[in-house]
Each structure stands twice: as C-alpha cells, then as structure tokens.
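Biologist: Shall we go through this model together? I have some questions ready for you.

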There are 2 protein chains.
Amino acid sequence: MKSIKILDKELSRRDLLIGAGITAIAASVPGFASKADALGGPTEKWPWPYVKLDPQKTADIAYNEWYRVYCGAAVINSIFSQLREKVGEPYKSFPIDAFIFLEGGVSGWGTICGANAGPNIVTNVIIGPRTSGSEDGMRMGSELMQHYSETAMPTYTPKEPKFTGAMPKTVANSPLCHVSVGKWMKAANKDLGSPDRRDRCARLTAAMAFQTVMLLNQWKDGKYQTKGIIPAMNYGIQSQHNCTDCHGDKVPSPPAKKA
Amino acid sequence: MKSIKILDKELSRRDLLIGAGITAIAASVPGFASKADALGGPTEKWPWPYVKLDPQKTADIAYNEWYRVYCGAAVINSIFSQLREKVGEPYKSFPIDAFIFLEGGVSGWGTICGANAGPNIVTNVIIGPRTSGSEDGMRMGSELMQHYSETAMPTYTPKEPKFTGAMPKTVANSPLCHVSVGKWMKAANKDLGSPDRRDRCARLTAAMAFQTVMLLNQWKDGKYQTKGIIPAMNYGIQSQHNCTDCHGDKVPSPPAKKA
C-alpha cells in the first residue's frame with residue numbers, strides 16, 4: 001500500500017483521477033481483482049439490452065416517482081419503467097418496488113443516499129458486474145457518486161413543482177444521505193418532514209436520474225469514457241474523499257502493508 | 001419534530017426500541033408514510049415463496065462466495081442460490097451477480113457495508129416493500145444493521161478457513177464499511193490487502209448471512225417479532241446511533257419543525 005497522506009487538501013481530485021488513469025486500480029488489491037464466472041441465471045448475461053432514453057423525460061418521471069417510492073426506487077423506476085415498455089424483459093422481471101427500502105439512506109439509517117444507490121443498481125444491472133467483461137457499470141456508478149458529491153444540488157427544477165418556495169442548493173461533499181440532507185437542512189433551516197426538504201430530495205433524485213441516463217446514452221453510443229474511480233485503491237481503506245469532515249485534523253493512516 | 005437530545009449517551013438503544021414499539025414511526029414523518037400500489041411487474045407480488053434454509057449451510061456458502069463476488073452479492077447468492085434450487089422462479093431471474101459492486105461499501109467508497117446491503121436486498125425482495133402490506137422486510141433489514149453494528153465481529157468461524165492466523169473481533173458501532181473495516185484494521189494492525197482483512201470480511205459476510213436466514217425462518221414460521229427501528233424517526237434526520245463518533249461533543253440539533 002502506498003503511504004500517501006490522505007488529508008483532503010493533500011490528495012486532490014485531480015491526483016485521484018490521474019491515479020485512476022495510469023494504474024489498473026482494480027487489480028492492485030486482493031478483493032478487487034477477481035475474474036469469476038457468473039452463476040448463470042437467465043438474466044445474468046450482460047449487457048442487458050438498452051435503448052437510449054430522454055434524460056429530461058426520465059428526470060420528470062423520477063421527480064414524480066419520488067413521491068410514490070422515494071429516492072432509490074424512483075431512479076430505478078424512472079429508467080426501468082421506460083425500458084419495460086421499449087424493451088420488455090429482463091426489465092419486467094426486475095422487482096423495482098422492493099427497493100423502496102433505499103429511502104433515507106437505507107431504512108432511515110442515513111448511509112448511502114438512494115439517489116446514489118439507485119443509479120449504481122441501474123448501471124450495474126444494465127452493463128453488468130466488472131467480472132462480466134467490462135468495468136463500465138461499476139465505474140459509471142462511482143462517477144455518479146462523485147457527481148453527486150461535488151455538485152450544488154438540486155440541479156433539477158420541475159415543470160410542475162409540488163413545492164414552490166425557495167430551494168437552496170448545497171454541495172454534500174459526500175455520497176451519504178445523512179451528510180447530504182444534514183448540510184441542506186442546515187442551509188435551508190428546514191426540518192426533515194418539511195415540504196421543502198421533501199421536494200429537495202425529489203429534485204435531487206430527478207437530477208441523478210438525468211445524469212445516469214446521460215452517461216448510459218454515451219455508453220450506448222460507444223462514447224463513454226469513465227471518470228469513475230475506486231477510492232479504496234487510493235486511500236488504503238474504503239473511503240470517501242472528505243476525510244477531515246469526520247476526522248478533523250486527526251486523519252489516521254491505515255496500517256502499512258507488511259513486506 | 002421532538003426536540004430530543006441526540007447524543008449517544010442520552011438516547012439509549014432501549015429508549016429507541018421503546019419508541020419504536022409504541023409509535024407508528026413510519027407514519028410520523030412525511031416521506032415515510034406512503035401506501036402506494038406497486039407498478040405491477042410479474043415479480044412485484046409479495047411475499048416471494050420462501051422455504052426455510054439451514055443458517056449454518058448458508059453461512060458456509062456465503063464465506064466461500066465472498067472470495068468470488070464479495071460481501072453484498074455473497075449474502076444474496078448464499079440465500080438465492082438455494083432458493084433457485086428449492087423454489088425456482090422468481091429467484092432464477094434475479095440478477096444476483098450484478099450486485100458485486102456492493103463490495104467495499106459500494107465500489108470502494110466505504111458507504112454501507114455489503115454485508116448490510118445484501119441482507120436488506122434479500123429481506124425486502126422476499127418479504128416485499130413496506131407498501132405491499134407488511135413492514136417486516138424493511139424492519140428486518142434494519143434489525144440486521146443493528147445486529148451488525150453492535151456485535152463483536154466476525155462471529156463465524158469457517159470449517160475450512162482460507163486464512164488460519166489470529167482473527168480479532170471488533171464492534172463497528174456503525175453499518176458503514178469504512179468505519180467497520182477501519183476499526184478492525186486498527187485493532188488487527190493489518191492493511192486492506194492482507195489475507196487477514198480479506199478473511200475477516202468473508203467471515204463477517206457469513207455471519208450476516210447466518211443471521212438473515214435465522215430471521216427469515218422465524219418469519220416463515222409466523223414468529224418474527226421485529227426489533228428493527230427507523231432511526232430517522234427518532235433523530236429528526238436519517239442517522240446512525242453513533243453521533244459522537246464523527247461529531248465529537250458538538251452534535252448539532254436538526255432544525256425544529258415550524259408550527
């Protein structure tokens with residue numbers, strides 16, 4: 001393991017992207033290196049058939065679906081419902097609504113935001129796992145988390161908003177629901193149950209559905225060049241890039257690799 | 001929103017469970033209250049047929065599967081591969097291996113541990129989302145995250161271990177990969193790529209597969225009494241219970257609900 005300093009300020013995003021570009025990161029640490037055969041269920045053949053979708057229409061669907069099934073399932077359904085119509089199977093047999101539990105960062109625990117978990121499920125289910133011949137599904141999911149983390153959200157404005165008041169934008173600097181919602185609630189001074197907060201999450205969900213389809217369309221055209229990295233390979237531990245957010249100036253170094 | 005103090009020491013797990021028992025938490029905050037119809041794909045009828053499985057056998061499968069598909073997909077496959085044989089559809093059509101990306105807390109980002117994400121997918125796909133008539137799927141997933149967070153792990157010892165050295169046990173006090181792996185790496189003084197760390201995660205995965213089947217078997221017998229809570233309802237924000245882990249003694253209060 002490289003003994004890099006892992007403070008935010010000392011390891012820039014640019015450094016990370018360069019690192020991702022010049023090393024086969026997924027091969028550098030055991031546990032991220034396996035090429036193995038799938039068990040071979042009838043839907044475990046990748047990629048799944050995909051036709052290009054309209055990002056704006058997808059975002060509109062996701063916005064409304066948030067009010068039915070919340071962040072994670074709304075992203076999945078905004079894309080898979082259209083593919084059920086345009087393609088049919090295997091999308092029809094995917095149990096989308098089971099993923100309502102992604103709400104609130106998995107059942108209200110504030111872990112990964114559903115607007116990140118949903119896109120990761122979509123890209124990996126369509127393109128396939130990294131063991132199926134391409135890392136694009138995993139890398140695209142990772143790129144979407146990076147986009148989520150560094151963008152002032154929400155970027156989507158509904159045509160027919162369910163809430164019409166002021167809508168502050170905040171940068172989460174994290175893929176976690178707790179951090180993302182917490183920073184927004186602080187900036188907006190609105191509580192969890194407020195219509196403001198609810199519509200913020202619906203718009204964020206729509207924004208991520210838009211971005212997911214934009215990247216999938218590039219991939220379908222053979223033009224997708226991933227910006228997705230696997231942070232664990234850079235930090236010596238599975239990690240976000242915002243070490244000081246929780247650790248302050250006492251960011252621990254991971255144990256060094258034994259010779 | 002109740003203005004409760006949200007420091008760990010002031011809001012015990014017992015308080016939370018009592019709170020969960022006497023209030024319909026899921027109905028108390030908008031965004032956790034919807035009863036809505038599923039879109040109605042052929043697999044979106046719940047519960048899925050389930051037959052009781054042997055927890056120990058399931059754990060053994062999960063341990064070995066970790067070395068093929070890692071934490072999240074290993075839990076799913078340890079259960080669904082048996083149900084593919086014993087039941088058939090809809091398990092055969094579920095694209096298990098697509099979920100390899102759950103490794104490393106979603107593509108190495110250290111968010112929710114795959115040994116939590118996998119069980120949540122299993123319980124919600126089998127029992128169904130909370131909008132399908134029962135909250136048991138979501139609650140069971142939440143209960144499993146609580147078990148993960150508060151138990152000295154790993155509790156599973158393989159019959160044919162791939163690593164035979166010392167195996168420290170640590171309490172994560174969190175469902176997050178980063179926190180769970182970080183605390184273990186510190187206690188063991190082993191790096192991310194070490195065989196020790198890898199086998200620790202394989203054993204943890206097996207332990208969670210064991211626990212998941214134990215609860216599913218209770219549910220199948222009609223004896224499941226959930227201990228699962230939805231933390232967002234208690235804290236006024238989607239949250240773990242370990243506020244001081246990141247915030248130290250400066251735990252912020254969420255904005256109060258406007259009258």
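Modeller: Happy to, and please keep in mind that this is a predicted model. Let me begin inside chain B, with a pair of helices: α2(B) passes α3(B) in a crossing that is right-handed.

Biologist: Nice start! At what angle do helix α2 and helix α3 of chain B pack?

Modeller: The two helices are residues 55-86 and residues 114-127 of chain B, and their axes lie 7 Å apart. The angle between them is about 35°.

Biologist: And how many nonpolar residues are in the contact of α2(B) with α3(B)?

Modeller: On the α2(B) side the contact includes B:Y70, B:V75 and B:I79, and on the α3(B) side B:P119, B:I121 and B:V122 are among the residues. By class, there are no charged residues and three polar ones, while the nonpolar residues number 12.

Biologist: How are the two copies related?

Modeller: Chain A superposes on chain B by a rotation of 180° with 0.0 Å of shift along its axis, at an RMSD of 0.0 Å. The two copies are therefore related as by a two-fold rotation axis.

Biologist: Last one: which residue of chain A comes closest to the rotation axis?

Modeller: The same surface serves both copies, as 100% of chain A's contact residues recur in chain B. By C-alpha position, the residue of chain A that comes closest to the axis, at 2.3 Å, is A:C246.

Notes:
Residues numbered from 1 in each chain as written. Chains lettered and ligands numbered in written order. Predicted model: local features only at pLDDT ≥ 70, side-chain atom pairs only at ≥ 80, totals over all residues. Axes fitted to C-alpha atoms, helices over the stretch in contact; angles between N-to-C directions. Helix = DSSP H or I, 4+ residues; strand = E, 2+ residues; numbered from the N terminus. Left-handed = near helix turned anticlockwise from the far one by under 90°. Contact = placed C-beta atoms within 7 Å. Nonpolar A, V, L, I, M, F, W, Y, C, P; charged D, E, K, R; others polar. Least-squares fit on C-alpha atoms with pLDDT ≥ 70 in both.
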